[in-house]
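The sequence and structure follow.

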Amino acid sequence: MIERTKISGNEEERAILIGVCSRGMTFEQSKEYLDELAFLTETAGAKAVRSFIQKLDKPINSTYIGSGKIEEVKQALEEANANMVIVDDDLSPSQIRNLDKELEVKVLDRSSLILHIFSERAQTAQARTQVDLAQYQYLLPRLTGMWTHLSRQKGGIGLKGAGEKEIETDRRIIRERISHLRKQLVKIDRQEETRRKNRSNFARVALVGYTNVGKSTIMNVITKANVLAENKLFATLDTTVRKVSLSGIPFLLSDTVGFIRKLPHHLIESFKSTLAETQESDILIHVVDSSHPNFEDQIRNVNETLKELEITSQRVLTVFNKIDLLDEDSRAHVENSWMTKDHQPAVCISARNKENLDDFRQILTDLLVEVYQEKSHGSPHPFLQQYQYYQMTDDATE
Ligand SMILES: Nc1nc2c(ncn2[C@@H]2O[C@H](COP(=O)(O)OP(=O)(O)OP(=O)(O)O)[C@@H](O)[C@H]2O)c(=O)[nH]1
Ligand SMILES: [Mg+2]
């Protein structure tokens with residue numbers, strides 16, 4: 001039977017990372033992608049000791065990289081005393097089988113690494129169920145190809161399984177588990193929906209963005225909540241909702257799971273229910289790490305993921321965070337090129353140094369006034385009374 005394994009703790013996991021620089025990609029880009037994979041690897045509790053990039057039109061069908069590169073990796077495994085290989089793309093069952101045979105160490109692909117991190121971090125029943133579902137769905141088509149691979153794993157990152165003759169039984173059990181988890185999710189979703197309906201009077205604001213950009217830090221700064229914020233990918237998995245008020249206007253602010261390039265499809269599907277809160281929001285705050293060399297790629301990636309999740313909002317406030325890390329030129333670039341784009345509201349802040357937060361609060365307040373005015377079709381909204389009082393006393397922020 002397939003079971004989830006914890007990072008063993010007995011044996012240090014030392015990984016070699018491999019990426020392919022395909023046609024249309026620059027070498028610089030592939031290097032940055034591998035840096036992100038190294039960050040994911042460390043978040044999962046393993047150490048990234050070496051990395052390899054091969055320039056190819058596209059990954060090789062049978063073994064992902066060419067035979068010469070495989071030899072180099074083999075040698076590096078020995079030299080660096082490494083015990084696993086992590087690949088920056090998703091592997092087919094036969095690629096996993098062939099690489100496993102050649103390299104004789106555990107081989108993980110990008111999706112299984114992300115799924116592992118999610119499974120370690122899921123806290124609530126909802127997140128747990130979603131991750132379990134995604135893991136079983138990922139595993140089902142790969143079972144036949146993976147049995148040698150799985151049997152090699154004695155713990156650590158990934159999933160472990162049994163021998164070939166048990167695969168059919170495993171497959172049946174997994175199908176039953178998937179169907180059971182789906183039913184459970186429907187039940188949890190229904191309870192959540194009722195909870196959301198009970199709060200439906202309030203405007204909803206959701207923090208969205210790439211992972212590690214500072215969403216939870218902003219949540220904490222605005223709400224004085226105590227949400228976990230740390231320099232790790234996917235520190236947040238469960239949606240946290242807090243009632244906040246700005247200049248006397250109450251609203252609900254939610255902090256959600258961060259996105260990443262090539263998020264496994266099953267994970268996106270199963271996380272739809274966690275993101276239901278975001279789907280119903282009146283204002284999206286798209287947080288960007290303006291100090292990241294690839295922040296423009298990240299913006300595009302987040303917009304694509306939002307589209308895939310059918311999360312749209314008429315009001316999007318883009319927040320360029322971490323400006324404390326920018327030099328003058330980079331800051332001017334963000335302010336002059338990005339901030340004036342599309343006539344969408346945008347603001348530069350440092351959540352850590354509490355820089356420019358008043359501007360941020362003011363823009364958000366203006367958007368909230370718009371939302372409530374729309375909700376009451378132009379007549380005075382009860383939630384804006386307090387705000388009008390604030391305006392009269394000339395005390396614009398709380
Ligand atoms: N220098 C700097 N660091 C910041 C700023 N805001 C957040 N950080 C740091 O960035 C890291 C990630 O912050 P989080 O708030 O956990 O980011 P997140 O977007 O919630 O991340 P996930 O939940 O993992 O998706 C932490 O180490 C924060 O201290 C900022 O304005 N400046
Ligand atoms: Mg977070």
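Strand β9 (residues 249-255) is mostly covered, with 7 of its 7 residues buried, where buried means under 20% relative accessible area (1.4 Å probe, protein chains only). In a regular strand the side chains alternate between the two faces of the sheet. In β9, I249, F251, L253 and D255 point one way, while P250, L252 and S254 point the other way; all are buried. The model is predicted: local features need pLDDT of at least 70, side-chain atom pairs count only at pLDDT 80 or more, and totals for chains, interfaces and linings use all residues. Residues are numbered from 1 along each chain as its sequence is written, ligands are numbered from 1 in the order in which they are written, and side-chain values use heavy atoms, without hydrogens and water.

Strands are DSSP runs of E with at least two residues, and two strands pair if DSSP finds at least two bridges between them. β9 pairs with β7 (residues 203-209) in the parallel sense over 5 bridges, and L207 stands opposite D255. With β8 (residues 240-246) the pairing is antiparallel, over 7 bridges; here V241 has S254 as its bridge partner. β8 and β9 form a hairpin with 2 residues between them, and S247 in the turn has a positive phi of about 50 degrees.

| Residue | Ligand 1 atom | Distance |
|---|---|---|
| T211 | oxygen | 3.1 Å |
| S216 | oxygen | 2.9 Å |
| D324 | nitrogen | 2.8 Å |

Taken alone, ligand 1 exposes 660 Å², of which the protein buries 94% (Shrake-Rupley method, 1.4 Å probe).

Note on methods: A polar contact is a pair of N or O atoms within 3.5 Å; within protein, one must be able to donate a hydrogen and the other to accept it, and residues adjacent in sequence count only if both atoms are side-chain atoms. Buried means under 20% relative accessible area, exposed over 50%, partly exposed in between (1.4 Å probe, protein chains only). Helices (H or I, at least four residues) and strands (E, at least two) are DSSP runs, numbered from the N terminus.
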